[in-house]
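Subject: Handing over a structure

Hello,

Here is the structure I promised to pass on. My notes follow below it.

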Amino acid sequence: MSSRIPSTLRGRSAKAVLVALPLGLTGSLIAFPFAAQAAPSSDAVISEVYGGGGNSGASLTHDFIELGNAGTAPFDLSGWSVQYLSGSPSPTSKWQVTPLSGAVPAGGKYLIQEAQGSGGDTALPTPDATGSIAMSGTSGTVALVHSTTARTCLTAADCAADGAIKDLVGFGTAVVREGSPATGAGNTTSVSRDAKLTDSDDNSADFTGSAPGPSNSTGASGGGDPSPTPTPTPTDTTPGPLRIHDIQGTTRLSPQNGKTVTNVPGVVTAVRVTGSKGYWIQDPTSDDNPATSEAIFVFTGSATPVVKVGDSVLVSGKVSEYYPGGQNSGTQSVTELTGPTASVLSAGNKLPTAEVIDAATIPDSYAPKVAGGNIESEQLEPGTYALDWLEAHEGMLVQINDTRVVGASNAYNETWITTRPQQNPTPRGGTVMTGYDNPNSGRLLITSLTSDQLQANVGDTVTGTTTGPLDYATYGGYNIQATSLGTVTSGGLKPEEAQKGKSNELSVATYNVENLDPTDPQSKFDRLAEGVVNNLATPDIISLEEIQDNNGPKDDGTVAADKTMTQFIDAIKAAGGPTYDWRSIDPVNDQDGGEPGGNIRNVFLFNPARVSFVDRPGGDATTDVQVVSDGKKGVQLSASPGRINPTSGAWKSSRKPLVGEFAFRGKQVFVVGNHFNSKGGDQPLHGATQPPVLSSETQRLAQAKEVNSFVSSLLAKDAQAKVVVLGDLNDYQFSKPLQTLTAGGVLTDLINTLPVGERYSYVYDGNSQTLDHILVSPAIKKPTYDVIHINSEFSDQTSDHDPQVVRIK
């Protein structure tokens, strides 16, 4: 699963906290490689901490945390939080969390208001975010975290190793700190950095105590809650020397980046009043250069825009290149005007004509590829590349008519459509990804600036007209921020049902059940169970991925999953299925990745009335399973269930493969259940580096090699052994990890036996693709295989993965 931030807030995944943009995304949490910045900071850090709000002698009523940004672009805070830990934590101490949204302006500040004390008489400036953390005035730790999940580290060393922590400040006598703790905090004093936001990774050197001086993203500082500055009455109605196309330029980076521009003319085409607030303006007078956009986003920070659609305005402000997710995330930038002042010349003006996008508009080729990989400074070729066409229309009004849905509507009011309906269509209405060189240029995301929402499945049609400015966000890249939406016409898509296996056929399935644990509602267990019974036709063996421990994300040392499995087995029985049994190995606490505290693992679910599990003692979380002679002509496992080389670095912070020995009608079958590491950390498909760097692939290559070596050793001892390797491998059939896994002909990837248009089990960013696989050894002849589409194409899905099943005679 993938935790996501909606594009309206400028932020698959995940289901778990995400920022990096993978080509395909799964349910594992992603570790973010952020560390404290060296002096001076290149972007956002904690700039001031004050815990004395409302205490004796204090004038300010609230505690606060202030962020500062030394960079030249706004720093996106979608998916980020600030977190607080007591200065002397005990083993049971917990971090307290305040989620953030919006952005820290380039060269500016961002103010988070925390708990109110009983005293004081002066309010803070209007905060950019609000929490309820009651901080100590004299000793504590504050962290800037690329996650909204509470941290678990309780020592300075452990927190330094936490990749999600970008910056950390310990003050007073704090145990958790960078270097030595900052001194000088009290009821009437805060600790703060210097104007350069110097960050030497030593809190005592970087912070000094002084009178608190909170500032917010609009520049308001000191105490009090000033009223928003009204839009000034124009005194100079003469447009400045630059038009929007001059600011946008003919590359992805503005030639005016970092400069202040005055009286830029345009008509307001759309206003965003939630998340990162602001409005789009477009120049009705084009320069007729197809490489330059005629529109730009005006970022107002936490202030709600006071302009209206149809206003003719002159806007002054600083030109900034905003990178959703941060410049290190690999995204492209959005050219913006920040710290704006606007003069309204007239209201009710006709909007510029929206550019109609049809099947011939966006080029088939997706992106240029250049030496060094970074395309930001390359001249745009909108007639050649899809990403260049989209960049050349950044912020401009666009329109689509009667378009097919290729990615179902999600909880963030996002729906993927295709502007090129003949591009690699699937039989069920999607768009299949056939290779890295063919990412389907027609895909485009629709979200809404209005209260209207789409509720669509793959294969539906958005009929009528959808119009809005073309924006760019962390998730999905280019998107239409719709000011008017078409309506959904159903394509009649239905969940598939597997063919029931014959009595002499062993059926084996794989299913990622998306972080299943007893804290989930019973309805999730019931729907998953109905899928097993009605759609999968009760397979004999099911390799489950993402089974969590008995209390889910609660991180208290619990690793057992018997309650999770009992609840699931009971639900299957209630749905009319058999009474399944199960086998698994509990992981070492917090060592297998996934949601912190969840301890996800692979589990074998099997029907004992049809198949027997061969139990052999000795398997545990850290013991390597071996293939040994059975004393006759065959082989057996040294332990069943067992794990493949679980102490190998290939499995660091990742699930270890589960191996089991089964017997069906007197025949021996070996099953290997897998859940390889997430694609999180890969550069985005739509990003500034082309082709994207697939950094997460390195670990999956090592994992594939481990599994291939195990299967090879088994077949070397018994070439006729029947082996099924399956699970969520988090990569495509054409990827290097799958090539490594099948090397030497020891395994056949069954997804490749399907027609090209049917090779998918997951839909991400409008691409139908496969992350889940079933592979078999050569001794398994003529298997019957299928992907059962019951989730990925539907807006109302129980998991984000479709299960697969193979029937073996």
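Why is the disulfide of Cys153 and Cys159 right-handed? The torsion about their S-S bond is about 95 degrees, so the disulfide has that hand. A disulfide here means two cysteine sulfur atoms within 2.5 Å. The sulfur atoms of Cys153 and Cys159 are 2.1 Å apart. A search of the whole structure finds one disulfide. Cys153 and Cys159 are both buried (under 20% relative accessible area; exposed is over 50%, partly exposed in between; 1.4 Å probe, protein chains only).

Some background: this is a predicted model, where local features need pLDDT of at least 70, side-chain atom pairs count only at pLDDT 80 or more, and totals for chains, interfaces and linings use all residues. Residues are numbered from 1 along each chain as its sequence is written, and side-chain values use heavy atoms, with hydrogens and water left out.

Now the salt bridges (a side-chain nitrogen of Lys or Arg within 4 Å of a carboxyl oxygen of Asp or Glu). The structure holds 25 of them.

- Arg252 and Asp388 pair at 2.6 Å, N to O. Both residues are buried.
- Arg428 pairs with Glu793, with the closest N and O atoms 2.6 Å apart. The two lie in loops, so the pair ties together parts that are 365 residues apart in sequence. Both are buried.
- Lys656 pairs with Asp592, with the closest N and O atoms 2.7 Å apart. Both are buried.

Shared partners also join Asp167, Arg193, Asp199 and Asp206 into one salt-bridge network.

Best wishes

Definitions and conventions:
Helix = DSSP H or I, 4+ residues; strand = E, 2+ residues; numbered from the N terminus.
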